[in-house]
Amino acid sequence: MSKELKVAFAGARRSSSFFKAFQSHPETEVVALCDAYEPNLYDAGRATGVTQLYTVYEKMLDEAKPDIVVVATPMQFHVPHSIAALERDIHVLSEVTAGVSVDECRWLVGATKRSKAVYMMAENYNYRKPVVLVTAMVEAGLFGETYYAEGEYLHELSMLHHTKEGKPTWRYYWQVGVNGCTYPTHSLGPCLQWIRERPTRISCIGAGNWTDPEHAMEDTVQLSCKTASGKLIRVRVDMLSKRPHAMTNYTLQGTKGAFEGARHPGGQNLVWLEDYCSNPDEWVPLERFEADFLPEMWRDPPPEALAAGHGGGDYFEVMDFVDAVQGRKPPAIDVHAAMDMTLPGLVSQESIRRGGEWLEVPDSRRW
Ligand SMILES: NC(=O)c1ccc[n+]([C@@H]2O[C@H](COP(=O)([O-])OP(=O)(O)OC[C@H]3O[C@@H](n4cnc5c(N)ncnc54)[C@H](O)[C@@H]3O)[C@@H](O)[C@H]2O)c1
């Protein structure tokens, strides 16, 4: 089969995580790279063997004429870079979060409506094996009606706030330079798959500035999200406190059972399910349900998937995205799903400023 889809990467560092997935796919080939910083661009060119190298994004789109672009530039460029591609009918796989302001999110949604191209947000945590398994079990009704979920992203990243030369990076300004839940999608993504309703109202509070008072973001922020029917999702994001990381802490409660994800490496993912556990006090390993409920994609994963970053998520989201580009299925995380994961965090900046006031989350489907 010919490799009919030409892929371009923007932002050399993070996009490298997707290289093997696109190269191993029978329909795609990475043909061009763009990075504004030449040393990173040339390193990536040498590492991948890709020879069409650009420092200016729009020039890459116009000259390399890719069918697909992976937007893996810093967060504040996701919307302008996605819109520039969508205006040229180039399919977009955009890194998280989808955007950094509600206004630009509106512009993005408008651009997806006008474009013939597919937009998908690359929320890779939705594709991790335990998340995929719990999602399948939710869909099969094992938890009954799900009404409470938690997700935590605890990842001390201070080493990435300045360059080697001491210059502040984009993370310094856009992640910890803003107070609120600035990086919620890894937590909200899986929770929304399980709760299956969008957040309509949010409240955000923080634990104060203790570790390094220079940052506007409080050390730990807690985002509470309510859905139209009254379900609750609790998100905790902490990118400052000194501690080993724990980026995949999840909990789910339904009318017929609960899931308690492992909270540290080596920990076990556990479930209790009314219809399956005779002992009301006994948690059982989640893996016990793999034989009956694990979706096909995770049953016999290829070596590229097992080697891919973020527990295989970086591989499977590319497979899903190419299926969407080829019209075989709708994008798993379309622009509205991306908004459901992104807008609560943007509105949280106003809520935390107003002492945790409950605020409406706009519904992008009405825009
Ligand atoms: N989904 C995940 O698990 C995950 C993991 C890491 C990063 N990310 C996301 O990926 C994005 C990139 O993160 P990173 O860690 O690679 O950041 P980084 O700072 O390490 O790298 C960003 C790269 O983009 C380049 N760049 C900056 N402005 C550019 C422009 N206008 N045009 C082209 N290139 C430009 C920089 O030179 C740099 O090489 C961020 O949005 C981040 O949130 C997601």
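Predicted model: local features only at pLDDT ≥ 70, side-chain atom pairs only at ≥ 80, totals over all residues.
Student: What makes a positive phi worth a remark?

Tutor: Most residues other than glycine have a negative phi. You'll find K65 in the loop between α4 and β4. Then there's H310, another residue other than glycine, with phi near 55°. H310 sits in the loop between α11 and α12.

Student: Why is K65 called partly exposed?

Tutor: Count its C-beta neighbours inside 10 Å: there are 13. Exposed would need 12 or fewer and buried 20 or more, so 13 lands in between. H310 gets the same label because 17 other C-beta atoms lie within 10 Å.

Student: What makes the bond between V96 and T97 stand out?

Tutor: The peptide bond joining V96 and T97 is cis, with omega about -10°. Most peptide bonds are trans. T97 belongs to the loop between β5 and α6.

Student: Back to α5: how do you know whether helix α5 is mostly covered or mostly open?

Tutor: Eight of the 10 residues in α5 are buried, so by the cut-off of 20 or more other C-beta atoms within 10 Å this helix is mostly covered. Among the buried ones are H78, V79, I83 and L86. The cover includes strands β1, β4, β5 and β6, along with helices α4 and α6.

Student: What about the ligand? Which residues are closest to the ligand?

Tutor: G11, R13, R14, Y37 and N40 are the closest, out of 23 residues that surround the ligand. Helix α1 (residues 12-15) gives the most to that shell, with three residues. By type, the shell splits into 13 nonpolar, six polar and four charged residues.

Student: Where does R14 lie, and is R14 buried or partly exposed?

Tutor: R14 lies in helix α1. Beyond its neighbours within four places in sequence, R14 is in contact with A72 and E95. R14 and V70 are 56 residues apart in sequence, yet their C-alpha atoms are 9.7 Å apart in space.

Student: Why are β14 and β15 called edge strands?

Tutor: Look at the order of this open, nine-stranded sheet with mixed pairing: β14-β13-β12-β11-β7-β10-β9-β8-β15. β14 and β15 each have a single partner strand, so one side of each is left without a neighbour in the sheet.

Student: In which sense do β7 and β11 pair, and over how many bridges?

Tutor: They pair in the antiparallel sense, over seven bridges. One example: E152 has N249, in β11, as its bridge partner. Helix α9 packs on the sheet too, touching β7, β9, β10 and β11, and its direction makes about 165° with that of β7. Helix α13 lies across β8, β9 and β15, at about 45° to β8.

Student: How do you know that the size of the protein agrees with a compact globule?

Tutor: For 367 residues, a compact globule would have a radius of gyration near 21 Å, and this protein has 20 Å, so the two agree. Along its principal axes, the C-alpha trace spans about 60 × 50 × 40 Å. Buried residues make up 46% of the protein.

Notes. Residues numbered from 1 in each chain as written. Near = placed C-beta within 6 Å. Helix = DSSP H or I, 4+ residues; strand = E, 2+ residues; numbered from the N terminus. Nonpolar A, V, L, I, M, F, W, Y, C, P; charged D, E, K, R; others polar. Rg over C-alpha atoms; globule rule 2.2 N^0.38 Å. Contact = placed C-beta atoms within 7 Å. Pairing = 2+ DSSP bridges. Axes fitted to C-alpha atoms, helices over the stretch in contact; angles between N-to-C directions.
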